[in-house]
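Dear colleague,

Please find below the structure that I am handing over to you.

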Amino acid sequence: MSSTRSAFRPAPVTEAPGEALAADTAVVLVGHGSPRTAQPTLDLERLAQALREHEGFTAVEVAMLNGSGERPAALANRLAADHAVVVPVMMCDGQTVRREIPEAFGEVCRSRLTICPPVGTHPALAALIAKRASEAAQRIGVLPENAALLLIAHGSQRNPGSEQATVLQAGRLVEMRVFREVAAAYLEQPPRIEATLRRLKAPVIAVGLFAAAGRHATQDVADALAAAERTDVPYLGPIGTDPGIAALVASLVRACAGAMRPLGGTA
């Protein structure tokens, strides 16, 4: 994928900033979680706090599918709100969003819950990535249009969801025409990070398409970059921990608050 020079204009990511939900509606952020580190749970707790403080949502809860944190069914059973808007804080619309999250809520009445699309498919995520990478390029004295942008994702040999979400955002970034080139690489499927970096000429800015700072988004990416022997590639970490994610989540919540996607429905 490649691009040609164009001025960078971030897309709007919120609708009616500060608008509160109905009093009987709560927001539930759902993350993968990790049995090895509590960091993904801490990242979602910080996101929940940002939604309370800056987006006008008073009832925001966090549930995790694995590792530390409360499980979705237990959380839903104790919610006082009549309805909950569930946001998968995940990068792709795969099996986890379509099957595992509905199953994790167990016997909770489906009419009480609405599941939003995952954050990783948000139309404004590309603008957030471009903003973060453009600022990083300028910090090292490089014009964004002279730099290549590398999107690093998990990938999977068994499920195409991660690749589909990555290609979706890469395509949007190409259309924005901010960077010299936009490329994608994966931890667990081709094209791998090392192979991709062999063909990318400096300067290269890398951004992780991960929802939280778990092991994949931190240590595994660092190991892959080290194996590629490209010390000239700044890695900006997982985009899911960017402060701008709160505005994207808020826009998802507002769009889904009318029960557009009930639990167990199709994507």
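The notes below describe what was found, beginning with the chain as a whole.

This is a predicted model, in which local features need pLDDT of at least 70 and side-chain atom pairs count only at pLDDT 80 or more, while totals for chains, interfaces and linings use all residues. Residues are numbered from 1 along each chain as its sequence is written, and side-chain values use heavy atoms, with hydrogens and water left out.

The chain contains eight helices and eight strands; these are DSSP runs numbered from the N terminus, with helices being H or I of at least four residues and strands being E of at least two. Of the 267 residues in the chain, 51% are buried. Here buried means under 20% relative accessible area, exposed means over 50%, and partly exposed lies in between (1.4 Å probe, protein chains only). Among the contacts (heavy atoms within 4.5 Å) with a separation of 6 or more, 80% are between residues 24 or more positions apart.

Salt bridges

The structure has eleven salt bridges, each being a side-chain nitrogen of Lys or Arg within 4 Å of a carboxyl oxygen of Asp or Glu. One of them joins arginine 46 to aspartate 43, with N and O 2.5 Å apart. These two residues are about one helical turn apart, because they are three residues apart in helix 1 (residues 39-54). Aspartate 43 is buried, as its relative accessible area is 11%.

Another salt bridge links arginine 254 with glutamate 55, and its closest N and O atoms are 3.5 Å apart. Arginine 254 lies in helix 8 (residues 245-256) and glutamate 55 in the loop between helix 1 and strand 2 (60-64), so this pair ties together parts that are 199 residues apart in sequence. Both arginine 254 and glutamate 55 are buried.

Arginine 215 and aspartate 220 also form a salt bridge, at 3.6 Å from N to O. Arginine 215 is partly exposed at a relative accessible area of 37%, and aspartate 220 is partly exposed at 21%.

Alanine 246

Which residues does alanine 246 contact, leaving aside its neighbours within four places in sequence? They are Leu47, Ala50, Leu51 and Glu55. Alanine 246 lies in helix 8 and is buried, since its relative accessibility is 7%.

Helices 4 and 5

Two packed helices are described by the angle between their axes and the distance between the axes. Helix 4 (residues 125-139) and helix 5 pack at about 65°, with their axes 9 Å apart. Axes are lines fitted to C-alpha atoms, for helices over the stretch in contact, and angles run from 0 to 180 degrees between N-to-C directions. The contact involves Leu125, Ala126, Ala127, Ile129 and Ala130 of helix 4, together with Gln169, Arg172, Leu173 and Met176 of helix 5.

Serine 162

Serine 162 also belongs to helix 5 (residues 161-176), and it is buried at 15% relative accessibility. A polar atom of its side chain lies 3.0 Å from the backbone nitrogen of glycine 155. Not counting residues up to four places away in sequence, serine 162 touches Cys92, Ala153, His154, Gly155 and Tyr186.

Yours sincerely

Key: Polar contact = N/O pair within 3.5 Å; in protein donor to acceptor, adjacent residues only side chain to side chain.
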